[in-house]
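Got your viewer open and a selection tool handy? Let's take a walk through this one, stop by stop.

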Amino acid sequence: MNYKTILLLLIGILLIPHYTLSQGNTGTNKRIDSLLKKLESAGEGPEKVDILKDLCGEYRDIDREKALYYGKQGLKLAEKINYQQGIAQCLNNIGIVHCNSGDYKQAEEYYLKSLEIKEKIGDQRGIISSYNNIGIIYSRQGDYHKALEYYFKGLKKSKELGNNSYIAFFYNNIGQTHKLLGDLRKALDYLKKGLKIREQLGAKKTILMTYLKIGGIHSDLGDYQQALDYYEKSLKMSEELGDIKGTADSWQNIGTYHFNLRNYQQALDSYFKSLEINKKIGDERNIASIWHNIALIYHYKGNYQEALDYAEKCLKREEELGNQKGRVEAWNALAIIYNNQGDFETAMDYLKKSLETAEQLEFKKLTAFTLNNMANAYSYQGNYIKALDCYFRSLTIKEDLEDKPGIFSTYINIGDIYLYQEDYNQAEKNYLTALNISLDLGDKHNIGWAYNKFGDLYYKKKDYTRAAAYYSDSLKIMEKLGVKFSIAEYYFKIGRIHMSQGNYHQALEDFFKSLRMNEEIGNTPGIADSCQTIGKCYDHLGENSKSVEFLTRALDIAKDINTPAITRDAAEGLGNAYARQNQFKMAYEYFVLFKETSDSLRNDENLRKITQLQARHDFEKEQKEKDLQKEAELRRQKILRQAYLVGFIFMSLLAVVIFRSFRIKQKANRLLAKQQEEIKNQRDKLHELNVTKDKFFSIIAHDLKNPFSALIGFSKTMITEFENFQKEQIKEFLQSVYKSSENTYNLLENLLEWARSQTGKIQWNPVKVELGEVASYTIDLLKRNANNKNIKLQNEINGKAFVFTDKNILYTVFRNLISNAIKFTPDGGLVSIASREVNNFIEVRVVDTGIGIAEEDIKKLFRIDMHFSRSGTRNEQGTGLGLILCKEFIEKSGGKIWAESQVGKGSTFVFTFPALESESH
């Protein structure tokens with residue numbers, strides 16, 4: 001028997017049933033048919049056991065249930081006839097079936113039983129095979145140190161037998177496990193030891209497998225060119241050998257190489273080549289794996305529907321194969337896609353299923369991966385408390401597994417959370433930890449990634465010099481590695497800095513470099529970003545037609561890939577550009593799109609903020625309770641230990657100190673208190689003046705300017721486009737002009753009244769005023785506004801109630817409160833005004849059936865230093881100034897004002913004036 005035959009036999013014994021060189025369904029079916037025919041004529045002896053065991057092996061990758069059936073039939077017969085070798089082999093094959101479907105606990109039980117029998121009968125090669133299989137089980141569960149323990153047992157036994165093929169095999173597995181632990185240099189060392197032995201043996205098929213694994217290590221180290229060299233060596237050798245499976249694996253690895261570099265189109269080309277071959281040979285597991293990666297590529301390109309299609313195909317195939325690990329990975333892919341489309345609930349449903357399954361089956365690495373994706377989803381929602389909780393849970397698992405690359409990425413993610421919250425110190429701390437890990441590993445790609453994050457940090461802090469320096473350090477690494485995605489990202493970010501500094505020509509040059517690279521690698525979102533910023537630069541430079549060209553392209557892409565932020569910015573830019581060209585119809589259309597998208601994004605952002613605040617509130621409440629419990633326990637222990645001693649010392653010192661310093665302190669405290677009170681009064685007054693000034697300029701600059709801008713825009717459009725408008729359009733424009741004018745007038749009236757009150761120039765002429773008369777006059781004045789919303793105004797002031805105040809001021813109060821009630825009451829509602837006498841005061845209640853006010857927002861009403869305003873039920877605008885004006889006027893009259901409200905049930909505004917007399921009808 002020559003060495004090649006021995007080699008093939010040893011490889012078969014070593015099992016690697018985990019790596020079969022399938023010749024397709026046709027070959028498998030022929031072998032199955034042949035075995036079934038033999039089974040029909042086989043007696044109840046060892047021969048039949050071997051046939052049943054072989055049928056289990058043939059079916060294990062195509063029909064789990066049949067594989068288990070034949071394996072258990074073989075086991076039952078072997079036990080009946082006491083065929084020990086057959087028992088061990090059937091147990092081993094059943095274990096493989098369970099391992100391939102992700103049922104690792106069951107697989108381990110069968111492997112250990114098989115090992116026990118092999119040790120009893122002295123089957124040395126079988127023992128080695130079992131060590132390998134058990135190592136694989138622990139590796140797949142993320143317990144890499146336990147996996148290494150069994151691999152080293154296998155290596156030791158192989159050396160005792162002097163079997164170089166086995167030795168090379170275990171070097172390979174040990175190297176792969178060190179890779180998973182993040183010890184890439186050690187991994188490379190073991191893989192190259194194994195490669196050297198295999199080259200001496202001339203085992204080309206195992207050589208090309210080793211090339212693929214070594215290429216993977218170089219890829220993880222960021223040595224991308226060396227990785228590609230090994231993948232191409234493997235491809236060339238597999239094609240020379242006619243090894244179809246090896247060719248498929250080589251193309252798949254080349255696809256992953258391009259995927260890691262985010263060369264999306266090249267990655268897709270390679271994956272589709274591998275997919276075509278895998279379909280021919282019927283390798284269903286690899287097909288599902290490639291579909292998974294293709295789904296993620298389409299997701300990163302912004303082609304969400306295609307991404308979903310491939311992810312769902314992958315999930316269906318993994319379920320058909322009974323592969324639990326594959327199901328968890330597919331659920332994660334679907335969650336990532338749905339989350340980026342904004343469907344948080346569906347994403348979270350998939351993630352919860354993933355986490356439950358991964359924890360139940362003890363897939364530690366997948367558990368950490370799922371927690372990481374959960375954190376990303378919570379972060380997208382603005383729930384940073386839950387996001388951090390998931391990241392830290394993921395980090396704990398990765399640290400337990402010593403998964404250093406995983407630990408690196410989690411620290412980066414945690415740093416990002418702090419960066420979003422503008423906690424720059426914590427962000428820097430986590431980025432620095434990540435950088436140190438990447439430096440220890442010698443992982444060039446991750447070092448460049450960490451530098452990029454430091455650039456983002458200093459960009460947010462507006463330290464553009466340091467930001468540019470870190471971006472430049474990142475670029476040097478990524479250029480050496482040939483990571484085009486990161487290079488494109490660098491030019492985009494450095495261009496953003498130049499644009500922030502007003503250096504538009506340099507920014508344009510950078511953005512065009514980014515655009516060309518994004519086009520080359522097929523990064524659709526990156527293309528849209530680059531086009532949008534190029535359009536902005538041309539706008540600043542006054543090149544209107546070029547601005548429109550690039551903004552239009554950005555908008556088209558953003559709509560295709562559903563990117564609202566780019567849609568909003570591009571629409572705004574196009575609206576401004578067309579307005580400058582006097583193409584007001586086009587400008588109007590884009591401004592409408594801008595407004596709709598802005599409102600949608602604002603609503604999303606508000607929801608994120610609400611979620612974030614609620615999460616923070618819940619967390620702080622829980623933390624406070626824990627702190628109180630801890631503090632109480634510490635206090636109890638401290639009292640028990642030190643009460644007497646501390647009490648004695650305290651009383652002694654207190655007697656001496658009080659006696660000697662009482663009078664001095666008393667005098668000093670009085671003086672200090674007086675000074676502090678004066679300082680506080682001056683500070684409060686200065687603060688109030690500053691707030692008043694800021695409020696005044698804010699309204700002048702924004703709330704008053706915007707309505708006039710609208711009036712000018714509408715008027716100009718009507719003048720320039722008058723001949724093109726129909727009657728209905730003219731009427732619609734006039735209604736808009738009227739509404740805007742009316743709102744502006746009301747705002748101006750409040751503004752002037754308030755300004756006069758602040759400068760003390762308002763004339764105060766208190767007289768006897770009949771309350772019901774003023775209420776009726778105000779209702780008549782605002783009836784048209786109420787009728788527009790089909791709101792009923794009801795005056796329920798009984799009798800003749802008189803108050804002593806300035807009549808104009810009373811009109812102002814009624815006008816603001818009733819107008820607000822109409823604004824925040826939905827169509828078909830009710831607003832009523834009633835009064836009663838309470839302790840020599842007339843109490844007036846303005847009650848509506850509107851949307852109500854949250855409890856925390858009621859506290860912000862009537863305060864100029866806590867600006868609070870919102871849109872009405874028909875998007876009516878306000879400044880919050882009216883209520884502040886009402887408070888000042890009412891308090892000047894000797895009364896009070898307050899609000900009572902429940903969200904969704906309406907609001908009641910109550911104010912009082914001193915009563916004069918009450919006369920009945």
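This is a predicted model: local features need pLDDT of at least 70, side-chain atom pairs count only at pLDDT 80 or more; totals for chains, interfaces and linings use all residues.

Residues are numbered from 1 along each chain as its sequence is written, and side-chain values use heavy atoms, with hydrogens and water left out.

**Stop 1: charged pairs**

Select K53 and D54. Their side chains meet in a salt bridge, 3.2 Å from N to O (that term takes a side-chain nitrogen of Lys or Arg within 4 Å of a carboxyl oxygen of Asp or Glu). K53 is buried at 17% relative accessibility, and D54 is partly exposed at 32%. Here, buried means under 20% relative accessible area, exposed means over 50%, and partly exposed is in between, using a 1.4 Å probe and protein chains only.

How many salt bridges does a search of the whole structure find? The count is 31.

Now jump to helix α10, residues 184-201, and pick out K193 and D189, which sit four residues apart, about one turn of the helix. (Helices are DSSP runs of H or I with at least four residues, numbered from the N terminus.) These two side chains also form a salt bridge, at 3.9 Å from N to O. Both ends are partly exposed: K193 has a relative accessible area of 36%, and D189 comes in at 40%.

Next, go to helix α25, residues 484-500, and select E489 and K493. Their closest N and O atoms are 3.8 Å apart, in a salt bridge. Why is the gap between them about one helical turn? Because E489 and K493 are four residues apart in α25. As background, an α-helix has 3.6 residues a turn, so residues three or four places apart point the same way. E489 is partly exposed at 28% relative accessibility, whereas K493 is buried at 8%.

**Stop 2: helix α29**

Select residues 564-580. This is helix α29, with 17 residues, and it reaches 24 Å from first C-alpha to last, close to the 24 Å expected at 1.5 Å a residue (the expected span is 1.5 Å times one less than the number of residues). Its buried residues include I566, L574 and Y578. Just past α29, click on N582, which takes a positive phi of about 65 degrees.

**Stop 3: rings**

Searching the whole structure turns up 32 aromatic pairs. To count, rings of Phe, Tyr and Trp (its six-membered ring) need centres within 6.5 Å; planes under 30 degrees apart are stacked, over 60 edge-to-face, and the rest tilted.

F512 lies in helix α26 (residues 504-521) and F550 in helix α28 (residues 544-560), so the pair ties together parts 38 residues apart in sequence. F512 is partly exposed at 21%, while F550 is buried at 11%.

Then highlight Y431, Y451, F454, Y458 and Y470, a cluster linked by ring pairs.

**Last stop: charges over rings**

Select K113 with Y110: K113 lies over the ring's face, 5.8 Å from the ring centre. Likewise, K768 lies over the face of F802, at 4.6 Å from the ring centre. The cut-offs for this are NZ of Lys or CZ of Arg within 6 Å of the ring centre and within 35 degrees of the ring normal.

Technical notes. Helices (H or I, at least four residues) and strands (E, at least two) are DSSP runs, numbered from the N terminus.
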